[in-house]
2 protein chains.
Amino acid sequence: MTADLFNLSAVEPAPDTAGERIFQAARELFYQQGIRAVGVDAIAAAAGTTKMSLYRNFGSKDQLVAAVLEAQDRLFWEWWDETIARCPDDPRGQIECLFREFETIASDDDSCRGCPIANASVEIVDTDHPARRIVVRHHQEMLRRLRELAARLGARDPDELGDALMLLMGGSFLSRLCFDDLGPVRSVSDVARQLIDVHTRAASPA
Amino acid sequence: MTADLFNLSAVEPAPDTAGERIFQAARELFYQQGIRAVGVDAIAAAAGTTKMSLYRNFGSKDQLVAAVLEAQDRLFWEWWDETIARCPDDPRGQIECLFREFETIASDDDSCRGCPIANASVEIVDTDHPARRIVVRHHQEMLRRLRELAARLGARDPDELGDALMLLMGGSFLSRLCFDDLGPVRSVSDVARQLIDVHTRAASPA
DNA sequence: GTGTTACGATACCGTTCGGTACCACGCGAC
DNA sequence: GTCGCGTGGTACCGAACGGTATCGTAACAC
């Protein structure tokens, strides 16, 4: 019973309110088809309600997008915290655990369409858009946490190791979009381990 | 005078035909704002012509998108081939050169919005779309070439090293979209070198 | 000359977009 | 009771979407 990062059926107990149904429908549709590709009519229809309830609950499509991304951000960190909690006081184990589980989830789930927050950065260019702030904050936080784990693990260059792990995660997400098959994701946890080794080995022998 | 992978001003001598102007305008607009965000009217206006010329030359927006991605794919491999040609018979030097120049280009260019082909995979979900084939083919080819370079370089597990390098490239592209600053891209060529080292060192000492 | 080709201009098509106005219903609270 | 309040239904708005039809014309062929 692993968490599934993003496209889980229910974030909350899901009270059957119109707002909640709209929210879940939007989350699923945005993720599967893209934000711009999904109209408010389609969301309302999928939620079994009408556009009016959408605007009563969220004000605008842009605000709905922001609300969905905010929830996905929260969901991601919940998964993250639960995962690293399994290896307390073991930063190396925590990173390895993160990447192992990440690889499993990304590999198993056929409907995985990468990271919904990163995907949004392709479609939302306007720096004033409320969702744009969430995207940048999410990735800055991810990089910060990876660098921090790298530091606590005693890496020679923790910022660089954090960068490397960040690139691996991002690359894995993107690969799930760009390949019909699994693509290079199958190697991500192995490679992460190798990079940790490099940055923690006593000294470069050559 | 490095090539610039994607958003160069001119792919071809740019004869001042309507079709060519439409093509260049579409390439720029799709890359900067996203494919779905740009309408055919905007493309025609930016090209200083009318919608009719767009449809006369390309048939439909979808076909124009495919034509643009096809050109971007070609442009990318031209840059690739030119870059590795500088280190003939030196696969290790070729990969390092690729990643060094890639990092420079991605870092210098403020208008870098990641990889236009990978970005398209976010917006184009339909597997029947002509552009979708190009996206998948481009990434399969990239993975194939990286694995081949890894093999010629004598890596212990060339497929895994190829996967790793692929993830680094993809992650770098994505990072340029998700950070306001440079983000982890600044480490990509260093990390690529480290991974090559790991996969070519005589044997794991531990 | 007469085609042929490419182009610009404009008007138009049906559909969908994000967003709103208005009304009627069922509900629990008081 | 009746008062809100959330809700569903529907009709609607102006704008933009992808795409088409028609006409005129400048450039070039033979």
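Visitor: How many residues does H7(B) have, and what span does H7(B) reach from its first C-alpha to its last?

Guide: Helices are DSSP runs (H or I, at least four residues), numbered from the N terminus. The expected span of a helix is 1.5 Å times one less than its number of residues. In this predicted model, H7(B) has 23 residues and reaches 34 Å, close to the 33 Å expected. Local features here need pLDDT of at least 70 and side-chain atom pairs count only at pLDDT 80 or more, while totals for chains, interfaces and linings use all residues. Residues are numbered from 1 along each chain as its sequence is written, and chains are lettered from A and ligands numbered from 1 in the order in which they are written.

Visitor: Which residues of H7(B) are buried, and what covers them?

Guide: A residue is buried if 20 or more other C-beta atoms, placed from the backbone, lie within 10 Å of its own. In H7(B) the buried residues include Ile134(B), His138(B), His139(B), Met142(B), Arg145(B) and Arg147(B). Their cover includes helix H8 (158-178) of chain A, as well as H4, H5 (91-108), H6 and H8 of chain B. Just after H7(B), Gly154(B) has a positive phi of about 85 degrees.

Visitor: How many residues of chain B touch chain A, and which helix gives the most?

Guide: Two residues are in contact if their C-beta atoms, placed from the backbone, lie within 7 Å. By that criterion, 42 residues of chain B are in contact with 42 residues of chain A. Helices H6 (116-123), H7 (130-152), H8 (158-178) and H9 (188-200) of chain B each supply at least two residues of this side, and H8(B) gives the most, with 15 residues.

Visitor: Which residues are closest to DNA strand D?

Guide: A residue is near a strand if its C-beta atom, placed from the backbone, lies within 6 Å of it. Of the 19 residues that surround DNA strand D, the closest are Thr17(A), Ala18(A), Thr49(A), Gly39(B) and Lys61(B). H3(A) gives the most to this surface, with 4 residues.

Terms used
Buried ≥ 20, exposed ≤ 12 C-beta atoms within 10 Å, placed from the backbone.
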